[in-house]
Amino acid sequence: MELDCENCAGCCLDWRPIADSPSDHERRGPGEPLDDAYNLVPLTRDEVARFVERGLGDVLTPRLWRVDEETPGVVVDGVRLAAIDGRPAFFVGLRKPPKPVAPFGTEPRWLSACAFLDPETLQCRIHEGDLYPEECSAYPSHNLDLGVETECERVEAEHDGKRLLDDAPGEYSGLLLGPQAIGAKVFGYPDPDDLDGVVDRMQRGELTDTDRAAFVGAAAGSHPGSLSVDDGRAAAATADVLDADSWAGQAIREWTEAAGAPGERASDPPSGDDVEVSRGAPQTPGWDAIDDA
């Protein structure tokens, strides 16, 4: 699979505020996400557990979906949520704080970007490491196999150029869809009553650390192919997330405090080195090193 990712990162950040025709592709279909994250990367149960074990549980966040009356669901905070056997269905993905980024040759602006994206090089700080999500390594192969437009193609349509250099899906372990995804990528929250107030906060973009930790714990305690959750494992993971104080979590707080409005020009923002590398973030190689290789 050949891609031109230099100065792009269109799949890793929310570039809708600088687009003439912003995509709303995540809000099509039977379920509408309650959050406004763009291109949320769904993690597997094992990936969730690995982030928690490495002390990076504070970069994880859940996604729930609003559905219509024809779709199996459960009502919480006045919202009908997608559900499996009465349990609210959810993903766990990576948080996207605002960062000063300049994709596609534009001037630096405040755009929501993956917690692991270097805002200067627009490269992933965990690329090809053992924390790098399968969903990221397989992108955009999943889209091509499903016949769905890729972010590369959206960037090409908006900014010209060629990002998707071929249309042959690369090698990857395959899509995780259907019943086998339950407990492995799509999780069921054990008790809907515990989400009173949480659903409302999710819609407002005001989830607390405690809110996020409860979902992460439920995912880490899940059993693949089942809705059952190991209470002990879930409680331990929840506690670990609440105790987490990673470089990425600290950076999320600083970026959020420093940011202007989405799409606003970033005038003299702090650097990625100051906010992230100084706290222990891995450095990225830069594009010259990639070209040389």
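User: What does buried mean here, and what makes helix 6 largely enclosed?

Analyst: Buried means under 20% relative accessible area, exposed means over 50%, and partly exposed lies in between, with a 1.4 Å probe and protein chains only. Helices are DSSP runs of H or I with at least four residues, strands are runs of E with at least two, and both are numbered from the N terminus. Because 9 of the 12 residues of helix 6 are buried, the helix is largely enclosed by the rest of the structure; among the buried ones are D211, F215 and V216. This is a predicted model, in which local features need pLDDT of at least 70 and side-chain atom pairs count only at pLDDT 80 or more, while totals for chains, interfaces and linings use all residues. Residues are numbered from 1 along each chain as its sequence is written, and side-chain values use heavy atoms, leaving out hydrogens and water.

User: Which elements cover the buried residues of helix 6?

Analyst: The cover includes helix 1 (45–53), strand 2 (60–63), strand 6 (87–94), strand 9 (187–188), helix 5 (198–204) and helix 7.

User: How do you know that the span of helix 6 is close to the expected one?

Analyst: The expected span is 1.5 Å times one less than the number of residues. Helix 6, with 12 residues, reaches 16 Å from its first C-alpha to its last, which is close to the 16 Å expected.

User: What makes C114 buried, and why is C114 in no disulfide?

Analyst: C114 has 12% relative accessibility, so it counts as buried. A disulfide is a pair of cysteine sulfur atoms within 2.5 Å, and the nearest cysteine sulfur to that of C114, belonging to C124, is 6.1 Å away, so C114 is in no disulfide.

User: What is called a nonpolar core, and how many residues has the largest one?

Analyst: A nonpolar core is a set of buried Ala, Val, Leu, Ile, Met, Phe, Trp, Tyr and Cys residues joined through side-chain atoms within 4.5 Å. The largest has 57 residues, and those with the most contacts inside it include F51, F90 and F116. Helix 6 supplies the largest share of this core, 6 residues.

Terms used: Contact = heavy atoms within 4.5 Å.
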